[in-house]
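Me: Hi! Could you walk me through a few side-chain contacts in this one?

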Amino acid sequence: TSSRGQKDMLEATVKDFSFGLKMPQIECINHNYYNAMFGQLQNDRHVNKIKKVMLIGNSMVDFHQVVSGHYHAFVRLHLDLTIIKLLKSAGYYVIYKARPDSRNEIDGIFEAYVDEISKVRFEDVYDQADCVIFKLSGTTAFGFALFTNRPIVLLNIKGTKWYSRAF
């Protein structure tokens with residue numbers, strides 16, 4: 001783990017949910033890679049006015065999602081299109097950041113609605129937007145975005161499970 005607090009949380013989770021299974025020893029590292037990354041990302045261009053907004057796309061492959069598994073891919077698609085239309089009507093430049101597992105599934109869907117579609121890693125394009133909108137916190141892109149100095153919007157979608165100690 002990268003911090004004593006994270007180690008404590010993991011140990012509590014192991015204690016509560018190991019169900020008698022043998023669990024590995026949890027160690028805390030002394031050098032935290034993320035501290036350096038955080039410092040570097042905080043030196044990026046600061047946002048004074050939000051003009052470009054990046055919407056993080058949903059998985060368009062219909063599979064059970066632990067966070068909000070009761071939403072079908074078409075419901076997630078409708079949500080994305082609704083958010084895009086609202087942003088465009090408010091005058092924002094909209095970048096749709098496609099998920100890696102849905103690059104092929106979104107071809108031909110968003111081109112008529114957004115100004116730009118990004119199909120590369122979030123870490124390589126986050127700085128093209130002034131603000132990033134997430135519908136789920138359980139993505140690697142969300143964790144990385146927390147390190148940046150970009151404003152973030154996280155939608156609280158009904159049915160999303162939240163870990164009370166983290167949020």
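**Salt bridges and a buried Asn**

Reply: Happy to. Asp 124 is partly exposed, with a relative accessible area of 47% (buried is under 20%, exposed over 50%, partly exposed in between, with a 1.4 Å probe and protein chains only). This is a predicted model, where local features need pLDDT of at least 70, side-chain atom pairs count only at pLDDT 80 or more, and totals for chains, interfaces and linings use all residues. Residues are numbered from 1 along each chain as its sequence is written, and side-chain values use heavy atoms, with hydrogens and water left out.

Me: Which residue forms a salt bridge with Asp 124?

Reply: Arg 121, with the closest N and O atoms 3.2 Å apart. A salt bridge here is a side-chain nitrogen of Lys or Arg within 4 Å of a carboxyl oxygen of Asp or Glu.

Me: How many salt bridges does the structure hold?

Reply: There are 5. One of them joins Asp 130 and Arg 45 at 3.3 Å, N to O.

Me: Is Asp 130 buried or exposed? And Arg 45, buried or partly exposed?

Reply: Asp 130 is buried at 8% relative accessible area, while Arg 45 is partly exposed at 45%.

Me: Switching topic: what does the side chain of Asn 58 reach, and with which side chain does it make a polar contact?

Reply: The Asn 58 side chain reaches the backbone oxygen of Arg 76 at 3.2 Å and makes a polar contact with the side chain of Asp 80 at 3.1 Å. A polar contact is a pair of N or O atoms within 3.5 Å; within protein, one must be able to donate a hydrogen and the other to accept it, and residues adjacent in sequence count only if both atoms are side-chain atoms.

Me: Is Asn 58 buried or exposed?

Reply: Asn 58 is buried, at 8% relative accessible area.
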